[in-house]
Amino acid sequence: MTTRHFTLPTGDGWAAAARSADATPFKRCAIYTRTASTAGPQQETSVLHAQRATCLECIRRRRPGWIALPTRYEDRGLPGLGTERPALQQLLADVDAGHIDVIVTMKEGGG
C-alpha cells in the first residue's frame, strides 16, 4: 500500500495542488494538525480547529471518494522540527499498520 502525503499550500496554489493529487476512490484520510503556539490552550484549540476545518473542506469538496477518519492526530505546543511528537508518532504507526491511505495537513509559515 502506498501512502501519499498531501500538504495543503496556502493562497492560490491550493486548488492546483488538490487537482494534482491521486484521485483513486475510497481513500482513508488522516488529518494531522499541529501548533507551536504558547499563547494558551484556547488559542491553540482555535488554531487546530481551523486547520482541521480546512483539511476537511479539501477532503469533502476537492477529493471525491476520500473519507476523513475520525481519529484526531493533534500535537499542541510542540515545535515542527523533528518527529518527537506523540500524535505524529501515532499517525506513523497507523500508516505502518495499513489504516491510512492519505495524510492531509496544513503547511505552516511561508516556506
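Biologist: Which residues form the largest nonpolar core?

Modeller: The largest nonpolar core has 10 residues: Ala30, Tyr32, Leu69, Tyr73, Ala87, Leu88, Leu91, Val95, Ile100 and Ile103. A nonpolar core here is a set of buried Ala, Val, Leu, Ile, Met, Phe, Trp, Tyr and Cys residues joined through side-chain atoms within 4.5 Å. Buried means under 20% relative accessible area, exposed over 50%, and partly exposed in between, with a 1.4 Å probe and protein chains only.

Biologist: Which elements give two or more residues to this core?

Modeller: Strand S2 (27-35), strand S3 (66-76) and helix H3 (86-96) do. H3 gives the most, with 4 residues. A second, separate core of 8 residues includes Cys29, Ile31, Ile59 and Trp66. In soluble globular proteins, nonpolar side chains tend to be buried together.

Biologist: Before we go on, what kind of model is this, and how are residues numbered?

Modeller: It is a predicted model, in which local features need pLDDT of at least 70 and side-chain atom pairs count only at pLDDT 80 or more, while totals for chains, interfaces and linings use all residues. Residues are numbered from 1 along each chain as its sequence is written, and side-chain values use heavy atoms, with hydrogens and water left out.

Biologist: How many helices and strands does the protein chain have?

Modeller: The protein chain has 3 helices and 4 strands, and along the sequence they follow the pattern β-α-β-α-β-α-β. Helices (H or I, at least four residues) and strands (E, at least two) are DSSP runs, numbered from the N terminus. Of the 111 residues in the chain, 38% are buried.

Biologist: Back to H3. Which of its residues are buried?

Modeller: They are Ala87, Leu88, Leu91, Asp94 and Val95. Viewed down the axis of H3, these buried residues fall within an arc of 120°, so they line one face of the helix; the arc is that of the directions from the helix axis to the C-beta atoms. Pro86 and Asp96, on the other side of H3, are exposed.

Biologist: What do the buried residues of H3 pack against?

Modeller: They pack against S2, S3 and strand S4 (102-106), where contact means heavy atoms within 4.5 Å. Just after H3, glycine 98 takes a positive phi of about 85°.

Biologist: How do S2 and S3 run, parallel or antiparallel?

Modeller: S2 and S3 run parallel and are joined by 8 bridges. Threonine 33 stands opposite glutamate 74 in S3. S2 and S4 also run parallel, with 4 bridges between them. In that pairing, tyrosine 32 stands opposite threonine 105, and alanine 30 stands opposite isoleucine 103. Two strands pair if DSSP finds at least two bridges between them.

Biologist: How many residues of S2 and of S4 are buried?

Modeller: In S2, 8 of its 9 residues are buried. In S4, 4 of its 5 residues are buried.

Biologist: Now the cysteines. How many disulfides does a search of the whole structure find?

Modeller: The search finds 0 disulfides, a disulfide being a pair of cysteine sulfur atoms within 2.5 Å.
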